[in-house]
Amino acid sequence: MRAATEQELVVAASRGDHAAFEALVSEHRTLIWAVCLRVTGNQNDAEDALQETLLAAWRGIGSFRGHSRFSTWLYRVASNAAVHQSRKRRDIPSDITDDQVVKPEFTQALADADLIQLALRRLPENFRVAIVLFELCDFTYADIATYQGVGIQTVKSRLSRARQALHAAIRGLDE
């Protein structure tokens, strides 16, 4: 028996098939969590944002038209939920620990992940969201521009400034 295509799973999920929705979402669960965690900077808020992401995706699966990849749509939902959650609780300090972030090399990455998270928290929200979507979710400039409601040149500028600010923040934290 052949595996269902993404399009078939979307159609089935939009008709109320929970198993099809789970199949669609399970492949992206780790990156959805990473988006929520990096945008909110707080584990509790990221958990709330993840739950809201899954609920919003389930409720809104019928609005997915297939003009982009399903993962792009889902990461957009996650980013929206995370931004909404972080705006609700701006004054809560981050409590992310290194063991909660997926890392390719355990030893050096533990220190790097904490440093990057601290640096990300120092970025303005629009820079932080743009760089998370670009680097973690493989959004294109056009995807980010559409999501943020700005032009592609603005996205390129935000990403460039975000990288500069991250480098500066990391240098400042590293000293």
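What follows is a set of questions and answers on the labels used for this structure.

Modeller: First, the ground rules. This is a predicted model, where local features need pLDDT of at least 70, side-chain atom pairs count only at pLDDT 80 or more, and totals for chains, interfaces and linings use all residues. Residues are numbered from 1 along each chain as its sequence is written, and side-chain values use heavy atoms, with hydrogens and water left out.

Colleague: How many helices and strands does the protein have?

Modeller: It has 9 helices and 0 strands. Both are DSSP runs, numbered from the N terminus: helices are H or I with at least four residues, strands are E with at least two. Along the sequence the pattern reads α-α-α-α-α-α-α-α-α.

Colleague: What makes Arg-29 and Glu-22 a salt bridge?

Modeller: The rule asks for a side-chain nitrogen of Lys or Arg within 4 Å of a carboxyl oxygen of Asp or Glu. Here the N to O distance is 2.9 Å, so the pair qualifies. By this rule the count comes to 3 salt bridges.

Colleague: Why are Arg-29 and Glu-22 called partly exposed?

Modeller: Buried means under 20% relative accessible area, exposed over 50%, and partly exposed in between, with a 1.4 Å probe and protein chains only. Arg-29 has 30%. Glu-22 has 39%. Both values fall in between, so both residues are partly exposed.

Colleague: What makes Arg-87 and Glu-125 a salt bridge?

Modeller: Their closest N and O atoms are 2.5 Å apart, so the pair passes the distance rule. Arg-87 lies in helix 5 (residues 70–88) and Glu-125 in helix 7 (residues 125–135), so the pair ties together parts that are 38 residues apart in sequence.

Colleague: Is Glu-125 buried or exposed?

Modeller: Buried, because its relative accessible area is 15%.

Colleague: What makes helix 3 roughly parallel to helix 5?

Modeller: Helix 3 (residues 29–40) and helix 5 pack at about 30°, with their axes 9 Å apart. Axes are lines fitted to C-alpha atoms, for helices over the stretch in contact, and angles run from 0 to 180 degrees between N-to-C directions. Angles under 35 degrees count as roughly parallel, over 145 as roughly antiparallel, 65 to 115 as roughly perpendicular and the rest as oblique. So helix 3 is roughly parallel to helix 5.

Colleague: Which residue classes make the contact of helix 3 with helix 5?

Modeller: It has 10 nonpolar, 4 polar and no charged residues. Ala, Val, Leu, Ile, Met, Phe, Trp, Tyr, Cys and Pro count as nonpolar, Asp, Glu, Lys and Arg as charged, and the others, Gly among them, as polar.

Colleague: Why is helix 1 called oblique to helix 2?

Modeller: The axes of helix 1 (residues 6–14) and helix 2 (residues 18–26) come within 7 Å and cross at roughly 135°. That angle makes helix 1 oblique to helix 2. By class, their contact has 8 nonpolar, no polar and 1 charged residues.

Colleague: Why is Ala-20 called buried?

Modeller: Its relative accessible area is 5%, so Ala-20 is buried. Ala-20 lies in helix 2. Leaving aside neighbours within four places in sequence, Ala-20 is in contact (heavy atoms within 4.5 Å) with Leu-9, Ala-12 and Ala-13.

Colleague: Is Ser-86 buried or exposed?

Modeller: Buried, because the value for Ser-86 is 9%. Ser-86 is found in helix 5. With neighbours within four places left aside, Ser-86 is in contact with Val-39, Thr-40 and Glu-125.

Colleague: What about Asp-138: buried or exposed?

Modeller: Exposed, because its relative accessible area is 53%. Asp-138 sits in the loop between helix 7 and helix 8 (141–148). Asp-138 has a positive phi of about 60° although it is not a glycine.
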